[in-house]
Amino acid sequence: MLEKTKMKIAVCALLCLYGLASATAPSAEEGSRADDFRYLTGYASPNWTGVYYQFAEYSPDLSVVFLDDALESVCGTGYWILYDATDYDPYATGITCHFHGVNQCANWDSSCSNVASSLRYAGSPFGLNNDYYNLYEGKSFRGEEFQGDTDAADLGDLDLKISSLMVTGQSGWTFYVGVNFSGPAVCVYADEHLTTDGIHLDYARFFDMSELGLPDNAIRSVERGCLSDRVVGASPPWR
Ligand SMILES: *[C@@H]1O[C@H](CO)[C@@H](O)[C@H](O)[C@H]1NC(C)=O
Ligand SMILES: *[C@@H]1O[C@H](CO)[C@@H](O)[C@H](O)[C@H]1NC(C)=O
Ligand SMILES: [Ca+2]
Ligand SMILES: [Ca+2]
């Protein structure tokens, strides 16, 4: 159970695709330093009340914990994506619901309240702000993923299928439209930088490939580092 009195409740950490959820009142309580454990506690009522479950891993079907279409508020750390359908909603095209923060709480707005049927995080399974990339088959981070923290000369089953992506941490990543690190490419650095009590979360997200200036379903390889003249975001230090 979360120790809510120690939780720094900051400004809105929830974001639906094109709208902010209602922000919570800032709390004056400044607790002890939290660790950088990634979690999302989902609550069945507003203001982080009611039945709840603390997620730490991918959850493709919220009915397993009796919270299908039930979440109205959340508290958490990390970047979490919630989907209307199970299995990360591979076929839909509407909104996905997003939480990003470090020990923050927020209420879902009406477009995301009582909607989520699956959820997962973006970023490294090994550490909150480790260098990592997540490539998604669908727009808005839907469907199957190709993810990693090392070079990938090809994307296996997701070759020529990538339609959205996220990077996390401090490294730049270069995404190529050719296999084996060939062809036109774009380098991406995190361009959003969150900090609470000295815990950092750096990320960049692209809901579709046009935001990166690449064609849809074109990425074929990934290399660590910034190896293209086309750069999105700026290299660290950021703070
Ligand atoms: C949530 O908390 C706010 C601020 O304390 C309060 O105004 C609001 O009525 C609460 N909402 C519910 C549904 O309890
Ligand atoms: C990629 O590189 C590997 C190793 O050099 C090579 O075997 C493979 O044929 C290359 N693939 C393409 C499509 O060029
Ligand atoms: Ca649903
Ligand atoms: Ca695709």
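pLDDT is the predictor's confidence in each residue, from 0 to 100.

**Figure 1. Confidence along the predicted chain.** The model shown in these views is predicted. The protein chain has a mean pLDDT of 88, and 85% of its residues reach 70 or more. In residues 1-34 the pLDDT is below 50. Where pLDDT is low, the predicted coordinates should not be read in detail.

**Figure 2. Strand β3 and its two partners, β4 and β5.** Strand β3 covers residues 39-45. Strand β4, residues 49-55, pairs with β3 in the antiparallel sense over 5 bridges. Within this pair, Tyr43 has Tyr52 of β4 as its bridge partner. Strand β5, residues 73-83, is also joined to β3 by 5 bridges, and these two strands run antiparallel. Here Gly42 stands opposite Val74 in β5. Strands of a sheet pair through backbone hydrogen bonds, either parallel or antiparallel.

Figure 3. Pro46 counts as partly exposed because it has 13 C-beta neighbours inside 10 Å, a count between the limits of 12 or fewer for exposed and 20 or more for buried. Leaving aside residues up to four places away in sequence, Pro46 touches Glu72, Ser73 and Asn107. Pro46 and Glu72 are 26 residues apart along the chain, and their C-alpha atoms are separated by 5.3 Å.

**Figure 4. Strand β7 against β5.** Strands β5 and β7 pair in the antiparallel sense over 5 bridges. Leu82 stands opposite Leu119 in β7. Of the 5 residues of β7, 4 are buried, so the strand is largely enclosed by the rest of the structure.

Figure 5. Strand β6 covers residues 97-107 and β7 covers 118-122; Trp108 is placed in the loop between them. Is Trp108 buried or exposed? Trp108 counts as buried because it has 24 C-beta neighbours inside 10 Å, where 20 or more are needed. Trp108 and Asn47 are 61 residues apart in sequence, and 9.6 Å apart in space from C-alpha to C-alpha. Asn114 lies in the loop between β6 and β7 as well. Asn114 is exposed, with 12 other C-beta atoms within 10 Å. The phi of Asn114 is near 60°, a positive value in a residue other than glycine. Most residues other than glycine have a negative phi, and most peptide bonds are trans.

**Figure 6. The open sheet of 5 strands.** The order of the strands is β9-β8-β10-β14-β13, and the pairing is antiparallel. Strands β9 and β13 (192-196) stand at the edges with a single partner strand each, so one side of each has no neighbour in the sheet. Direction ignored, neighbouring strands of this sheet are turned by 15° against each other on average. Strand β8, residues 132-136, is joined to β9 by 4 bridges, and the two run antiparallel. Asn134 has Gln147 in β9 as its bridge partner.

**Figure 7. Leu160 between β9 and β10.** Leu160 is placed in the loop between β9 (145-148) and β10 (164-168). Leu160 is partly exposed, with 13 other C-beta atoms within 10 Å. The phi of Leu160 is near 60°, a positive value in a residue other than glycine.

**Figure 8. The open sheet of 4 strands.** The strands follow the order β15-β11-β12-β16, with mixed pairing. Strands β15 (221-224) and β16 (231-232) are the edge strands, each pairing on one side only. Strand β11, residues 173-178, and strand β12, residues 182-188, pair in the antiparallel sense over 5 bridges. Tyr176 stands opposite Ala185 in β12.

Figure 9. Which sense, cis or trans, does the peptide bond from Pro236 to Pro237 have? This peptide bond is cis, with omega near 10°. Pro237 is placed in the segment after β16.

Definitions and conventions
Residues are numbered from 1 along each chain as its sequence is written. Chains are lettered from A and ligands numbered from 1 in the order in which they are written. This is a predicted model: local features need pLDDT of at least 70, side-chain atom pairs count only at pLDDT 80 or more; totals for chains, interfaces and linings use all residues. Two residues are in contact if their C-beta atoms, placed from the backbone, lie within 7 Å. Two strands pair if DSSP finds at least two bridges between them. Axes are lines fitted to C-alpha atoms, for helices over the stretch in contact, and angles run from 0 to 180 degrees between N-to-C directions.
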